[in-house]
Amino acid sequence: MILPDKRTMICALALLMSVHSGAIAQSSPTQTASTQVSARVFTPLAITSNEALRFGNLFSPFSAKTIAWTDNAASSGRARFTITGEGGAELALSITVPASIAAGVHEIPLSAVELRHGTTDADASGTTVALNTGGSNALTVTMGGAAMSSQSYFLRLRATATPGASQASGTYTGTISVAVNYTGS
């Protein structure tokens, strides 16, 4: 009887193991999984200035003039904005109100600025908050209505103008600006 030497046995054993492990790798199928891809596109936001904040004519002797929520005549009235966007979405508002209105170097200070906001376009409805003048006011609100539907949100602003005792004549102006964005919530 001829016995194989050790080297031959080791080579044969290595060859047998490589053939055997290759057979195992080939018999295992590839595993796969899949998932859905989705996105929801919101209705684009739009904001419209419907009415300006108007104090109308001021006459000497001067006294403070406060605009009422129901003031919406052509000569004097509260400001009004309409926002349209995605129903149920959360919005971030940034409202900048000037500290005064000016005619050249002359100014009339603004005070008691209030914002009334809500999903109903009625002067007597909504939530009222005080705004600071001379800077930006941040506010987070939620559009009414159902998701996937275009909805409207309404802002109304009023204020008090207080001319000085010897206020210079002229047309006094200023700018109220409102920026709106979706918060992502």
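This is a predicted model: local features need pLDDT of at least 70, side-chain atom pairs count only at pLDDT 80 or more; totals for chains, interfaces and linings use all residues.
Colleague: How many helices and strands are in the protein chain?

Modeller: Helices (H or I, at least four residues) and strands (E, at least two) are DSSP runs, numbered from the N terminus. Here the protein chain has one helix and ten strands, in the order α-β-β-β-β-β-β-β-β-β-β from the N terminus on.

Colleague: How do strand 5 and strand 6 run?

Modeller: Two strands pair if DSSP finds at least two bridges between them. Strand 5 (residues 100-103) and strand 6 run antiparallel and are joined by four bridges. Ile101 stands opposite Ile108 in strand 6. The two strands form a hairpin with two residues between them, and Gly104 in the turn has a positive phi of about 65°.

Colleague: Which residues are closest to the centre of the largest pocket?

Modeller: On a 1 Å grid over the protein atoms alone, a pocket is an open set of points where a 1.4 Å probe fits, with protein on both sides within 12 Å along at least five of seven lines; lining residues have an atom within 4 Å of a point. Grid points are joined across faces, edges and corners, and a volume is the space filled by probe spheres set on the points. The largest pocket has a volume of about 580 Å³. Of its 27 lining residues, Phe55, Gly56, Ile101, Tyr172 and Thr173 are the closest to its centre. Strand 1 (46-51), strand 3 (79-86) and strand 6 (106-118) each give two or more residues to the lining.

Colleague: Is Ala112 buried or exposed?

Modeller: Buried means under 20% relative accessible area, exposed over 50%, and partly exposed in between (1.4 Å probe, protein chains only). Ala112 counts as exposed because its relative accessibility is 53%. This residue is found in strand 6, and its phi is near 50°, a positive value in a residue other than glycine.

Colleague: Where does Met148 lie?

Modeller: Met148 lies in the loop between strand 8 (135-142) and strand 9 (150-161). Although not a glycine, Met148 has a positive phi of about 70°; at 62% relative accessibility, Met148 counts as exposed.

Conventions
Residues are numbered from 1 along each chain as its sequence is written. Side-chain values use heavy atoms; hydrogens and water are left out.
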